[in-house]
Amino acid sequence: MKNKGFVRFLVIVLAVVCIYQLSFTLITKRVEGKARTEAERTNRSYKDVIDSLRPETVFNLGFAKFTYQECKQQEINLGLDLQGGMNVTLEISVPTMIRSLAGEDVKDPKFIQALEEAEKDFHGQMDFIDLFKQKYQALNNSNKGLGLIFYRKELKDVLPNQFQSTNDEIFAYLKKEAKSAVARTFEIVKTRIDQFGVVQPNVQLLDNGRILVELPGVDNPERVRRIITNSAKLEFWEVYRNSEAIKYLEEADKVIALKLQAAEEAAGKSSANKSDSGSASPAPVAVDLGSTDSTIKPLIASADSSKNKDSISKPNTGTDTTEKLTQEEAMIKQPLFARWYPNVNEDGTQWNNSAHVAYVHHKYIQFFDSFLNDPDVREVMPANIRFKWSYKPSDKEGNYFMLYALKTSRGSQPALDGDVVTNARPTLESNGEYKVSMSMNTTGSHEWKIITTQASEQTPKAAIAIVLDGAVYSAPTVNGPIPNGQSSIEGNFTMEDAEDLANILKAGKLDVPAVIVEETTVGPTLGQKAITAGLWSLFIGFFSVIAFMIFYYGRGGVYAVIALLANLFFILGVLAGFGAALTLPGMAGLVLTIGMAVDANVLIFERIKEELETGKGFKASVKQGYSAAYSSIVDANITTLIAAIILKVLGKGPVAGFGIILLIGILSSLFTSIALTRLFVERDIAKGRETSFSSKATKNWLKNANIDFIGNRKKFYIISSVIILAGIVSIFTKGLSTGVDFQGGWSYVVQIDDAKNTEEIRQALKQNIQDNIEVKKYGTDNQYKITTSFLISSNDPHAADSVKNTMMRSLSKFKTTEDEVLSESRVGPTIAEDIKFASTLAVIISLIGMFLYIVIRFRKFGYGLGATIALFHDVLIVFSVYSIFKGILPFSLDIDQAFIAAILTVVGYSINDTVVVFDRVREFLGTHKYETNTAGVINDAINQTLSRTLVTSLTTLLVVLILFLFGGEGLKGFTFAILIGVGVGTYSSICIATPIVVDFIKKKKK
């Protein structure tokens, strides 16, 4: 062996670097263990103890010192599925940006129609502005028109043609704005997350304009959503006193009543016509009248919002006419008054002097919003009145929100915009309540003084509403001028609320809303279970392979095991060095790498054994064995490398993590299997000792195998055709179970102890959720996976909370609490489309890539054809099994990202097997070029490699089976696909791919 010194040097350098990188993980685990002990001893929380240790030096190397925080940042990064936490994908709302740039008063019907159609037809693989352009051009043949909508004076440098700007110029301007909005949003979100105080956060700007946020260890998803999606648009508004606003609302109430009565009459006539004529007539527009309960007597918090008292009162409506009507009549004839509780004194004699008008139950908010923005209703009210809701409920039960009437100035603008705020900080008041104090710049301070002076000089004194993201946080009465630009936001904040709000305001507002399109939250309990299951499967798989290799190859097996240990060590060191995350599929990749890493040694050892059988000396056999095996090893690993790269590039989250592990594992195993084992064998030669490559029990296994694979090929074709045909019939009749990744929706893993079966849970959920619901058993500990599409297309920022609350309300009969929700995920419709597209593309690219590599490497079209047909064969059989056994096997057989990762792994493994067989076929055909019985030569080549094929398959199947049995519920479907695929791939490389090459050669000769 040449360059033995260099190989030794490289091994030592790699070992030192890996020890250095892995030492940070050992140090952090030691510190965290001591912190837990200290927390128990002093009765403090673990978080407080570990936070106090962050700046302390815990690792001293002499030439460098590291604090706990620095060590934590350099340890092996566990994926969220292993340590718990939250993963969120954001995208900016381009339609909202376009509407904002166009202004509120756009009346152009073509513009409105084109934008609405674009929103309806948009999916993730499109550029929204290109789609909007296409829709607008279909309605407007001219290249002019949008300039009149979008041009503003401040855009004279951007759009020099001003109102005469062409539509193409406007679309180019919109694209530029969208790109800038993404960059601004990324910077603001990153700043907010940096202030959040999470260890090892990851905020990335993705190629498709989306933003990925990963927060390890986070257990409060609602707080995270608020931090990263709140626009932080702060405004200060003048208000109408409730006694003033009620006059306009009384007029609005009359108009709404007429509309409801007209709708009711139309519904009555339609029913009468249908009954008289016996034919159906067009249905009237449906109007939500809300509840028609005979009485509504809620408990309402004190009317004085500025004081935020906890006192409870039952204000009456203050209107005699309402009480003379039944509740049903009032719902139609006095629609606003029947649906609110006005902000009056406790005796109901007069209005409280405050900014908020009434208390409204959350189920009526949509009714109020709809009618108070109706053009006919707005005509009877002042043009400068705007209605807003309080940001949180006013009662302890969380049902009633306060309605405010705000007064616009300067057109439709607030009195002062929040951009003037330069600093914000949480402060604790003497009464024990938290608020957020703000400071303004010079311009803002001047404007604020004028506004507060005017408000305080009114009789009675006026209030100023502080509005954040469209919701009123407080509306205090102004007692006097405020000259120094100081203001504050109150709202019964906790310390955490106040800190988050202050940080959001300091980071700046999001000009364009950021929408969560994908989200995954994994609780620490499920994460710990995944780690335990993964470690057990790694441990059992590793020692199973060790036992088998030593049993089968003797001393050579021992050297292969040492190489395997070094391989595992190098993989973990590289992971730590590059900061790559170790995910649950990544741990599966480690176990799979163990099984596949022995393949190179198996190839080498089998070739050495063949050379020894020809009568060559040991040294010459070793040299020839390593040399002859190189070609097969390189070919086999390059094809698997193609699959790993595709997984890394097109995969997301844990799937990409699996690709990274596979990629590192292939490169590392090539080095350790070839170079490291040869060092040991060469050492034996130097000592005059021959390394054994078999044990007494396995010495003659498969030595003279002579199975007629080629002669029986038609039988194999029939067997495969029957299975695939049955699978195709099943796919078209029974279908496939698509996971939430592909169909979009919400998915929860919940511990439910009191349920008898999945159907009982589904029926309980159906009481409150009418959308599609799937309930599947998840593991053996009364855990269930619940999937639904309920509200998945909603743009409501509180949709996640609404869905979860609805689910928990449905599960209350089983005494299930929120602590028993072990994980939750959300995949929006656009993300689901993206995942389907990327997955399909990944499979297609891998098949094309394999075909091209085989054709180029073997320079024969027949080899490429045989390999590609075998790959299609393997993929179709795995899909067939997943369809045929759907609902039969006691675990999920979902088609999702993990399944596609398994398919690509199967493709890589199958082609690996096929390449080794093809390599030997090519070699035999070269040495028997004058042999007329080509089929016989090829059959001999297959039998010659049978030992290697079966040994590699057995080791891989062994570790995958262990993964399947012990790897936990999260890996069941993934490992089952690999289990089937590895078995089918071994069969196809011998019984399908090579026979097709034979048939192709025969056809070509004819």
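Predicted model: local features only at pLDDT ≥ 70, side-chain atom pairs only at ≥ 80, totals over all residues.
**Exercise 1. Which helices does the salt bridge between E32 and K72 tie together, and how many residues apart in sequence are the parts?**

Step 1. Find the contact. The side chains of E32 and K72 form a salt bridge, at 2.6 Å from N to O.

Step 2. Place each partner. E32 sits in helix α1 (residues 4–42), while K72 sits in helix α3 (residues 68–74), so the bridge joins parts that are 40 residues apart in sequence.

Step 3. Check the surroundings. E32 is buried, and K72 is buried too.

Step 4. Look for further partners. A network of salt bridges links K29, E32, K72 and E75. The structure as a whole holds 27 salt bridges.

**Exercise 2. Are R607 and E610 buried or exposed?**

Step 1. Locate the pair. Both R607 and E610 belong to helix α20 (residues 584–613). They are three residues apart, about one turn of the helix.

Step 2. Confirm the contact. Their side chains meet in a salt bridge of 3.7 Å, N to O.

Step 3. Apply the cut-off. Buried means under 20% relative accessible area. R607 has 7% relative accessibility, so R607 is buried. E610 has 16%, so E610 counts as buried as well.

**Exercise 3. How is the salt bridge between R762 and E759 placed in its helix, and what is the accessibility of each partner?**

Step 1. Start with the distance. The closest N and O atoms of R762 and E759 are 3.3 Å apart, in a salt bridge.

Step 2. R762 and E759 are about one helical turn apart, because they lie three residues apart in helix α25 (residues 758–766).

Step 3. Read the accessibility. R762 has a relative accessible area of 26%, so R762 is partly exposed. E759 has 38%, so E759 is partly exposed.

**Exercise 4. Which element gives the most to the lining of the second largest cavity?**

Step 1. A search of the whole structure finds nine cavities of 30 Å³ or more.

Step 2. Go to its lining. There are 13 lining residues, and L650, G651, S839, Q897 and I900 are the closest to the centre of this cavity.

Step 3. List the elements. α21 (618–650), α27 (829–858) and α29 (897–927) each give two or more residues to the lining.

Step 4. Pick the main contributor. α27 gives the most, with four residues.

Step 5. Sort the lining by class. It has nine nonpolar, three polar and one charged residues.

Conventions
Residues numbered from 1 in each chain as written. Heavy atoms only, no water. 1 Å grid on protein atoms, 1.4 Å probe; cavity = no way out; pocket = protein on both sides within 12 Å on 5 of 7 lines; lining within 4 Å. Points joined across faces, edges and corners; volume = space filled by probe spheres on them. Nonpolar A, V, L, I, M, F, W, Y, C, P; charged D, E, K, R; others polar. Salt bridge = Lys/Arg side-chain N within 4 Å of Asp/Glu carboxyl O. Buried < 20%, exposed > 50% of the residue type's maximum accessible area, 1.4 Å probe, protein only.
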